[in-house]
Amino acid sequence: MEAPPIRDDFDPGPSPPAAHPAINGLKRVATVGFAVVSAAVLTSLGSPRLLLALAAAAFVIGVGAFIRRTRHGTLRDDWKSRVFKDGVSVINRRTAIRMFGMTALFVGPVRVIPTLLQDVLAQPSEPVGGDPVPLARRRQWTMIIDLRSCDGCQSIGLPPQCTTACIEGHLSPEPMQWIEVFEEELEGEGTRFVPTPCQHCQNPPCVNVCPVSATFSSPEGLVLIDQERCIGCRICMAACPYDRRFFNWGEPPVPPEALAAEYDMEVQVPAVKGTVMKCDFCPDMARAGTLPYCIQGCPHRAIYYGDLEEDLATNGRELVSISQYLAENNAFHLKEELGTQPRVFYIPGHGEDVDRSPLNRGRLPVRWPWSRISEGSASWSR
Amino acid sequence: MTPWLERLEQTTLEPARTTTRGYYYLVGGLLAVIGWALYAYYVQITDGLVVTGMRDRISWGLYITLFVFFIGISHAGTLISAILRVSNATWRTPVTRMAEFITAVALITGALFVVVDLGRPDRLFNVLIHGRWQSPIVWDVIAITTYLTASLVYLYLPMIPDLAFFRERLTGRVPRWKSWLYRKLAIRWQDTDTQKRKLHVSISIMMILIIPIAVSVHTVVSWIFAMTLREAWNSAIFGFFFVAGAIFSGIATLIIMMAILRKVYRLEEFVTLKHFRYLGFLMAAMAAVMLYANVSEYVTSGFKLEEGAAFIFRQLFVEEFAPYFWFYLIAGLIIPIAMMFTPALRTVGGIVAAAVLVDLAMFVERYFIVVTGLRAPLLAYEPANYAPTWVEWSIAAGGFAFFALLVTLFVKVFPIMAVYEMKEEREALARPRELEGATEGSTP
C-alpha cells in the first residue's frame with residue numbers, strides 16, 4: 001500500500017496573530033467572573049430540586065472522568081502532570097474554570113440539603129379537607145390594657161393578680177414575670193401601674209436579630225419562641241426595648257407537673273434550660289374559647305383581649321368594638337417612637353376607675369407557689 | 001553569604017532547634033490554667049449560665065467583652081502586614097510574621113468566647129442549619145470565618161519560602177514529624193522565577209483582599225450592639241469606632257508580643273528600637289483617632305442629653321463606671337500619647353509600658369461598653385448590677401492562656417521572622433549602593 005503523498009506545496013498561511021496579553025487577561029477575568037456569578041446565582045436562587053439534579057449530574061460526570069482517567073495510567077500520575085511540570089504549577093484557565101464549576105455544583109446543594117430532607121421525610125402536614133380556618137378569618141390577637149382600672153391590686157391587698165395567674169397557668173420558672181406590673185412615676189406627683197406583657201410587636205426587634213429563627217412572628221401576629229431551636233445567644237434580650245424576655249439561667253425552677261407535659265411553643269411548658277422565654281399571648285386559650293390567664297386573674301377587669309380582624313375585644317364581662325374603644329379613650333403604645341408597632345394598647349389612667357389615688361404607692365411582691373417544692377433547681381434573681 | 005544573613009538565619013532557626021527547660025515550665029503552666037478553665041466550663045455546662053454573674057437585665061458580660069477584645073486585637077496582623085505592605089513601608093518586615101500570627105490566634109480565641117457564652121452550645125450548628133441572613137450574629141459568623149480563612153492564607157503564603165528554608169536546614173536535625181511538616185508545607189518551593197512571580201502575585205491579591213475583610217469584621221461585631229434598640233449603642237459611629245479600637249489594641253498587643261519574643265529569642269539585632277518607636281507612633285496616632293471618635297460620640301449625644309442618654313452619662317462619667325471610663329480615657333488614650341511625645345520615654349521599656357496601658361484600657365473599654373449599654377433600665381425598674389463570678393474569671397484566664405499557648409507552640413515550629421522577605425528587601429536596598437560603589441571605586 002502506498003503511503004499518502006506528502007504535499008510539499010502545502011502552505012499553512014500566516015499563523016494567526018497572538019492575542020494581546022491584556023485581551024487574554026480580560027477573557028480570563030470574564031470567564032472566571034461568569035463562573036463565579038453563575039455559581040452564586042445557582043446557589044442562592046435555584047430550587048432545591050434543580051440543584052439536586054445538577055449535583056447528581058456533576059457527580060456522574062465526575063465519576064465518568066475518574067474512570068476515564070484511571071484507564072490511561074494511574075490517576076495520580078495523570079493529575080500530577082496536569083498540575084505540576086518541573087515542579088512548577090501549571091494550573092491553567094481551563095482547570096480553574098472546571099474547578100469553579102464543580103465547586104459550585106457540589107457546594108450549592110449543601111445549603112438546601114436540610115430543607116430537602118425535610119421535604120422528603122416530613123409527613124404530609126396538610127390536614128385532610130384543607131385549612132380549617134379560611135384566610136379571611138385568620139385571627140389577629142390584640143390586647144387593650146385600661147390603666148384607669150389598674151391599682152396594682154392594692155385594694156384587695158394581694159400581689160398583682162394578673163402576674164400570679166400567669167405564673168400559675170404557665171408554670172413559669174421563678175423569677176419570670178411574663179406580665180409584670182411596673183410602677184411608673186407620673187409627670188406630676190404620684191405613680192401609675194402599668195401591667196406589661198410582651199408587646200407582640202409587628203416590627204419586632206427580637207425577631208429581626210434572632211440568628212436561627214427560634215423566635216418568629218406567627219400568622220396571627222404573635223411573637224413566639226421555639227425553645228427547641230433557641231441557641232441561647234440572648235441577642236433578642238439585648239434587642240427587646242420592653243425588657244420582656246427571660247432566660248433560663250439554670251435548671252428552670254418549675255413544679256414537678258410541668259415536667260410531665262409535652263412541649264409546645266404556644267404554651268412553653270416545660271421550660272428548657274439555656275433558652276429564652278416570654279409571654280405567648282395564650283393563643284391556645286383563645287382558640288379553646290377562653291381568655292388568657294392574666295385576664296382571668298384581673299379582679300378589676302382592666303385587660304381586654306380580642307381579634308383585630310373581627311374588631312371585637314372582651315375583658316370577660318363586656319364586649320367592645322376595638323377601633324371605637326381605642327379612638328374614644330386616647331389609646332397609646334409603650335415607646336411608640338421606636339416604631340415597633342405593638343399589638344398591646346394602653347388606655348391612659350392611674351386606677352381612678354377603682355378609686356386609687358396616685359399618691360398611694362407600692363404593690364406586694366409576687367410569689368411562686370412552688371418555690372419550696374421545685375427540688376434540685378436553684379432559682380435566681382433578675 | 002553575608003555575616004548579616006548568616007546571623008539572621010541562625011537566629012530564626014534557633015527556637016526550632018533548641019528548647020530550654022523554661023519552655024516546658026511555661027507550657028505546663030499554661031496547660032494548667034487551661035485545665036482549670038475547662039473545669040470551670042464543665043461547671044457552667046452542668047449547672048447552666050446561672051453560675052455566671054449575668055442575669056436577665058444584664059445578659060451579656062465578661063465573655064462578650066472578651067469576644068470583642070480578642071477579635072479586636074486580631075487586627076494587628078492586617079494593619080502591620082497588609083496596610084503597611086500596601087504603602088511599601090519595608091521597616092515592618094521583621095515583625096510581620098508575629099503580627100499575622102496574633103491575628104489568627106486571636107480570632108480563634110475570640111470566636112471560642114461566643115461559644116462559651118451560649119446557653120445551648122450543643123445547638124451551635126443551628127446557626128448553619130437555620131441561619132438567617134438578617135441577623136447580626138450570622139453576619140459575624142460569616143465575617144469571622146472569612147477573616148480567619150483569609151488570615152490563615154495570608155499567614156501561610158509569605159511563609160512558604162521560609163518553610164523551604166527550614167526544610168533545607170533542619171531536615172534530619174529535628175524530630176521526624178517536623179521535617180515532614182516542613183516538607184509538606186513548603187509545597188516544593190525551589191525559589192524558581194516562576195514560583196517567585198506567582199507568590200508575589202498571590203501575596204499582592206491577598207493583602208488587598210484582607211483589608212476590607214478586616215474592616216468588615218469589627219464593623220459587624222459593633223453591629224451586634226448597634227442593631228439593638230439600646231440608647232448607649234445607638235450610634236452610627238460604632239462601626240468605625242470599633243475598627244479604630246481594634247487596630248489600636250492590635251498594635252499594643254503586637255508591641256508587647258515583640259518585646260517578649262525579642263527578649264526570649266534574642267532578636268535584638270532585627271527587631272530594633274526603631275520598630276518599637278514606629279509602632280509606638282502609630283499607636284499614639286490611633287489613640288488620637290479614638291479620642292476624636294469619643295469626643296464626636298459623647299458631645300453629639302451629651303449636648304442634647306435626651307431622656308435615656310442622661311442615665312448613661314451619669315453612670316459613665318460620675319457614678320458606677322466612672323473609674324473604668326476615666327481610666328480608659330486618661331491612662332489608655334491621653335497618657336500613651338503624652339509618653340510618645342516625651343523623648344526620654346521612647347525606649348523599649350517606655351513603649352511597652354504604654355502598650356500595656358493601652359491593652360488594659362481597651363479591655364476595660366470593651367467591658368463598660370457592653371455592661372453600661374445593658375444596664376440602663378428600659379422600664380420603671382431599678383438598674384441591675386453585674387459582677388463576673390469565679391467561673392467567668394477562670395474561663396477568661398483560660399482564654400488568655402490559650403492565646404499564649406498557641407503563640408508559644410507556634411514560635412517553636414515555624415519561622416518567627418520573615419527571613420526570605422527580609423533578605424530580598426536588603427538585597428534590593430543594597431543593589432543601587434553597590435553600583436554606586438563600583439563606579440566610585442573605578443574612578444581614581
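**View 1. Buried residues of helix H3 of chain B in the predicted model.** The buried residues of H3(B) are B:Leu62, B:Tyr63, B:Ile64, B:Thr65, B:Leu66, B:Phe67, B:Val68, B:Phe69, B:Phe70, B:Ile71, B:Gly72 and B:Ile73. Buried means under 20% relative accessible area, exposed over 50%, and partly exposed in between (1.4 Å probe, protein chains only). That makes 12 of the 12 residues of H3(B), so the helix is largely enclosed by the rest of the structure. H3(B) covers residues 62-73 and reaches 16 Å from its first C-alpha to its last, close to the 16 Å expected at 1.5 Å a residue. The expected span is 1.5 Å times one less than the number of residues in the helix. Helices (H or I, at least four residues) and strands (E, at least two) are DSSP runs, numbered from the N terminus.

This is a predicted model: local features need pLDDT of at least 70, side-chain atom pairs count only at pLDDT 80 or more, and totals for chains, interfaces and linings use all residues. Residues are numbered from 1 along each chain as its sequence is written, chains are lettered from A and ligands numbered from 1 in the order in which they are written, and side-chain values use heavy atoms, with hydrogens and water left out.

**View 2. Helix H4 of chain B.** H4(B) spans residues 75-86. Its 12 residues reach 16 Å from first C-alpha to last, close to the expected 16 Å. Of these, 10 are buried, so H4(B) is largely enclosed by the rest of the structure. Among the buried residues are B:His75, B:Ser81 and B:Arg85. B:Asn88 follows H4(B) and has a positive phi, near 60 degrees.

**View 3. The largest pocket.** It holds about 1,600 Å³ of space. Of its 50 lining residues, the closest to the centre are A:Lys335, B:Glu231, B:Glu307, B:Gly308 and B:Pro377. On a 1 Å grid over the protein atoms alone, a pocket is an open set of points where a 1.4 Å probe fits, with protein on both sides within 12 Å along at least five of seven lines; lining residues have an atom within 4 Å of a point. Grid points are joined across faces, edges and corners, and the volume is the space filled by probe spheres set on the points. H13(B) gives the largest share of the lining, 9 residues. By class, the lining has 26 nonpolar, 9 polar and 15 charged residues. Ala, Val, Leu, Ile, Met, Phe, Trp, Tyr, Cys and Pro count as nonpolar, Asp, Glu, Lys and Arg as charged, and the others, Gly among them, as polar.

**View 4. Two cis peptide bonds in chain A.** A:Glu174 and A:Pro175 are joined by a cis peptide bond, with omega about 5 degrees. A:Pro175 sits in the loop between helix H5 (161-170) and E4 of chain A. The bond from A:Val269 to A:Pro270 is also cis, with omega near -5 degrees. A:Pro270 lies in the loop between helix H8 (256-260) and strand E9 (276-277).

**View 5. Positive phi in chain A.** Most residues other than glycine have a negative phi. A:Cys153 has a phi near 60 degrees. A:Cys153 is in the loop between strand E3 (141-146) and H5 of chain A, and counts as buried at 7% relative accessibility. A:Asp355 also has a positive phi, about 60 degrees. A:Asp355 comes in the segment after strand E13 (344-347), and is exposed, with a relative accessible area of 73%.
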